[in-house]
Amino acid sequence: MVDALLEIDSLTKRFGGVVASDAISLAVPRGELHAVIGPNGAGKTTLIGELSGEIAPDDGRIRFEGGDVTLLPSWRRSRLGLARSFQITSLFADFTALDNVALAVQAHAGHSFRFWRPARGEARLREPARAALARVGLASRADVLVAKLSHGEQRQLEIAMALATGPRLLLLDEPMAGMGPEESGRMVATLRALKGELTILLIEHDMEAVFALADRITVLVYGRIIASGPPEAIRADAQVRQAYLGEEIRHG
Amino acid sequence: MTAPLTPRNVVVAVLLLLLTVLPLYATASGHVFLLTLFTRVVILAIAAVSLNLILGYGGMVSFGHAVYLGIGGYAVGILAFEGATSGFVQWPVALVVSALFALVVGALSLRTRGVYFIMITLAFAQLVYYFGVGLDRYGADDGLSIRQRSQFAGLVNLSDRVQFYYLCLALLVAAIYLTWRIVNSRFGLVIRGARSNDRRMRAIGFPTFRYRLTGFVIAGAICGLAGALLANHTGFISPATMHWTRSGDLIVMVVLGGMGSSFGPLIGAVLLLTLEEALPVLIRVVASPVFGDAAARMAEYWQIMLGPLFLLVVLFARGGIDGLLAGERRG
């Protein structure tokens, strides 16, 4: 546990009478692909919000690389190497794919109080951005406006942007959401290629993908962790089956 | 740099050419009012360009931008009144005071969004407006006459209409070029990204607040300079310069011309201010054969024609006139 990249300790968040995070404790070691699953309303989105710095927890601690980040704003966490993708595609629509990724590179390449030189001409920003696009299979789509990309390509672009920030931990918020089988197959391949090199916390609905990729799985129900362990253990866990998985596991 | 021959580029080129030769025509034909009108157009276009930087590119709907016209104007007026007539003193003061005021307004208002942002910028502008009304030493409500235009040690004579016009035009072109450089720089991409999705910008590691605030200050400073020019142009400054309807005019110029386009604010300023002059005349000419003397009174309601035009642009040309010319259909 000492070498955990991300440590969550008794994280609690209430919205009125609803407990969205109920004393969540979790440790993600370096290099692990850790999946968080749970039915709708289990508090997965709240957890991602707390980890990325958009929702302040009522109680508990978040440690990243040993340092307390509980109260840091999201841009600071990004600087530390904690990158997230968004569930609802939230790219810069009037920019090209390459512009989007280059912006993510720019955020980590010194300050941006530079008012004169055209940023689109800076090889220092464009080259790493092209490399990140290539990693998710979008190299040939670099100069296409985001609005013209397919849904699947936009999701891949989300990953490329997260990668371009040079992260140590990737927080992925349902990267397969709304994808057809072919597109989600491509996403699984992308994530598998990143696995091991990066630590990944994957929040996902697609059970097939989760069991294919995850080293460990944590199951969240009503804001509380009801099980955490390797995929086989989760598959066999009676409480998990009863609370949530049942049908889907048998099919998966 | 070669620009393709699109309708938009042709219009912009023709417009710049006309603005350049305008003094020649005005002095040769004796239509001096044209020179007066277009000096005003050019000055307010500078103000609109500055607003476009934060409104069009930064998504910050400042509803108090005319306050910087007032601050810049009062900087010139008050200093002249107190005996400091050097432009080398007046204009930097206009710029710096405007920038400082923008820093305060921005620091408070940029923490809010949407309607709250609009209301806070408006409230600050109203605050200064009433402050101006209360300035008894400097004419209060009635305003302050500026007897002597800013002095530039013989380098340029602002009392010469033509020289002053060309100075304003040069500053307008400089302001357009400056914003064009800015919006394509690293800084510009950050504020444009924050307009599109501020939350995402923070998630990828940008502390967006400080960049947006900087943009807000730059826009305030440029508009402060426009205020200094305007005071020199009219030889007069009063609180009316920063009335909230003037802020509304600036927004109309930007939206009409095209938000987030380099030359949009210029097109908007030319269009709005010439229509302001031309519509009453047009109505009088068209209506007088039919309605006789009533036509003059009808002409007072020229805005009844401007309103629908503005509505049409907002509804059907999201990119403004510039967007129409460029053939864009921005969603």
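**Close-up views of a predicted model**

**View 1. The surroundings of Ala139(A).** Apart from its neighbours within four places in sequence, Ala139(A) is in contact with Arg130(A), Leu133(A) and Ala134(A). As in every view below, the structure shown is a predicted model. Ala139(A) lies in the loop that runs between helix H4 (123-135) and helix H5 (151-164) of chain A. Is Ala139(A) buried, exposed or partly exposed? Ala139(A) is classed as partly exposed because 14 C-beta neighbours lie inside 10 Å. Ala97(A), 42 residues apart from Ala139(A) along the chain, has its C-alpha atom 9.4 Å from that of Ala139(A).

**View 2. The open sheet of chain A.** Six strands of chain A form an open sheet with mixed pairing, in the order S6-S7-S8-S3-S9-S10. Strand S6 (82-85) and strand S10 (224-229) of chain A are the edge strands; each has a single partner strand, so one side of each has no neighbour in the sheet. On average, neighbouring strands of this sheet are turned by 15° against each other, with direction ignored. Strands of a sheet pair through backbone hydrogen bonds, in either a parallel or an antiparallel sense.

View 3. Four bridges link S6(A) to strand S7 (residues 169-173) of chain A, and the two strands pair in the parallel sense. Arg84(A) is placed opposite Leu171(A) in S7(A). In a regular strand, side chains alternate between the two faces of the sheet. Which residues of S6(A) lie on each side? Leu82(A) and Arg84(A) are on one side of S6(A), with Ala83(A) and Ser85(A) on the other. These four residues are all buried, and both faces of S6(A) are covered.

View 4. Strand S9 (residues 216-221) of chain A and S10(A) run antiparallel and are joined by five bridges. In this pair, Val219(A) stands opposite Ala227(A) of S10(A).

**View 5. Strands S1, S4 and S5 of chain A.** Strand S1 (residues 4-15) of chain A pairs with strand S4 (residues 59-64) of chain A in the antiparallel sense, over five bridges. The bridge partner of Thr12(A) in S4(A) is Asp59(A). S4(A) also pairs with strand S5 (residues 67-68) of chain A, in the antiparallel sense and over two bridges. Here Phe64(A) has Gly67(A) of S5(A) as its bridge partner. The hairpin of S4(A) and S5(A) has two residues between the strands, and Glu65(A) takes a positive phi near 50° in this hairpin.

View 6. Ser10(A) is not a glycine, although its phi is positive at about 45°. This residue is part of strand S1 of chain A. Ser10(A) is partly exposed because 13 other C-beta atoms lie within 10 Å. Ala23(A), likewise a residue other than glycine, has a positive phi near 50°. Ala23(A) is placed in strand S2 (residues 18-29) of chain A. Ala23(A) counts as partly exposed because it has 14 C-beta neighbours inside 10 Å.

**View 7. The contact between the two domains of chain A.** According to the domain assignment, chain A has domain 1 (1-81 + 167-252) and domain 2 (91-166). The centres of domain 1 and domain 2 of chain A, taken over C-alpha atoms, are separated by 26 Å. Domain 1 of chain A gives 12 residues to the contact, and domain 2 of chain A gives 14 residues. On the domain 1 side, the elements with two or more residues are helix H2 (74-80) and helix H6 (181-194) of chain A. H6(A) provides four residues, the largest share of this side. The domain 1 side has five nonpolar, four polar and three charged residues.

**View 8. The contact between chain A and chain B.** The contact takes 28 residues from chain A and 20 residues from chain B. Which elements give two or more residues to the side of chain B that touches chain A? They are helix H6 (161-184), helix H7 (186-203) and helix H8 (208-234) of chain B. H7(B) gives the most to this side, with 10 residues. By class, the chain B side has nine nonpolar, seven polar and four charged residues.

**View 9. Confidence in chain B and in the model.** Chain B has a mean pLDDT of 93, with 98% of its residues at 70 or more. Among the elements of chain B, H8(B) has the highest mean pLDDT (98), while helix H11 (residues 294-299) of chain B has the lowest (84). The model has an ipTM of 0.89 and a pTM of 0.92.

Technical notes. Residues numbered from 1 in each chain as written. Chains lettered and ligands numbered in written order. Predicted model: local features only at pLDDT ≥ 70, side-chain atom pairs only at ≥ 80, totals over all residues. Pairing = 2+ DSSP bridges. Axes fitted to C-alpha atoms, helices over the stretch in contact; angles between N-to-C directions. Domains from an automatic or database assignment. Contact = placed C-beta atoms within 7 Å. Nonpolar A, V, L, I, M, F, W, Y, C, P; charged D, E, K, R; others polar. pLDDT = per-residue confidence, 0-100. Buried ≥ 20, exposed ≤ 12 C-beta atoms within 10 Å, placed from the backbone.
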